[in-house]
Amino acid sequence: MSGRDERLADERLAAAIRAIHANPAHSWTMAELAKAAALSRSSFFVRFREVVGVAPMVYLLTWRMALAKNLLRGKSMAVAKVAERVGYQSASAFSVAFSRYVGQPPAWFAAEEDV
């Protein structure tokens, strides 16, 4: 991804990024993010990808997984609660997504952080 300053320098994209960061558990759609940026869906997608370096939904996934990692490192939250906090309807759906993204199940990730 491009540098943080460049992403936020584009006011329209910054509005969508702030929305994602403010409410990562929301079931964001491309239409909602484009609306937050006051752009058409196609213009938003192209502009986001050019400036940020990844597609909007990839950015959303990356943000959610970063939050999940931090929550799992904290050891104070069950996997199901982490799943809910980062926008997954079930612990199993979150576990599948986390495993694909990180390369191991969330419980293993949390256990490794103890070592």
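Is Ala22 buried or exposed? Ala22 is exposed, with a relative accessible area of 66%. Exposed means over 50% relative accessible area, buried under 20%, and partly exposed in between (1.4 Å probe, protein chains only).

This is a predicted model, in which local features need pLDDT of at least 70, side-chain atom pairs count only at pLDDT 80 or more, and totals for chains, interfaces and linings use all residues. Residues are numbered from 1 along each chain as its sequence is written, and side-chain values use heavy atoms, with hydrogens and water left out.

**View 1. The whole protein has eight helices and zero strands.** Helices (H or I, at least four residues) and strands (E, at least two) are DSSP runs, numbered from the N terminus. From that end, the order is α-α-α-α-α-α-α-α. The C-alpha atoms fill a box of roughly 45 × 25 × 20 Å, taken along the principal axes. Of the 115 residues, 36% are buried. Contact means heavy atoms within 4.5 Å. Among contacts between residues at least 6 apart in sequence, 53% join residues at least 24 apart.

**View 2. The largest nonpolar core has 17 residues.** A nonpolar core is a set of buried Ala, Val, Leu, Ile, Met, Phe, Trp, Tyr and Cys residues joined through side-chain atoms within 4.5 Å. Ile20, Trp28, Leu33, Phe44, Phe48, Val52 and Tyr59 have the most contacts inside this core. Helix 2 (11-22), helix 3 (30-36), helix 4 (41-52) and helix 5 (56-73) each supply at least two of its residues. Helix 2 gives the most, with five. Apart from this core lies another, of 13 residues, including Ala68, Leu72, Met77 and Phe109. In soluble globular proteins, nonpolar side chains tend to be buried together.

**View 3. Phe48 has a set of partners beyond its sequence neighbours.** Phe48 touches Leu13, Ile17, Gly53, Val54, Ala55, Pro56 and Tyr59. Residues up to four places away in sequence are not counted here.

**View 4. Helix 5 has 18 residues.** Helix 5 reaches 26 Å from its first C-alpha to its last. That is close to the expected 26 Å, a span defined as 1.5 Å times one less than the number of residues. Its buried residues are Pro56, Tyr59, Leu60, Thr62, Arg64, Met65, Ala68 and Leu72. An α-helix has 3.6 residues a turn, so residues three or four places apart point the same way. Lys75 follows helix 5 and has a positive phi, near 65°.

**View 5. Ala38 sits in the loop between helix 3 and helix 4.** Its phi is near 55°, a positive value in a residue other than glycine. Ala38 is exposed, with a relative accessible area of 53%.

**View 6. Ala22 lies in helix 2.** Ala22 and Val86 are 64 residues apart along the chain. Their C-alpha atoms are separated by 11 Å.

**View 7. Gln104 is found in the loop between helix 7 (91-102) and helix 8 (106-112).** Why does Gln104 count as buried? Gln104 counts as buried because its relative accessibility is 14%. Gln104 touches Phe98, Ser99, Phe109 and Glu112, not counting residues up to four places away in sequence.
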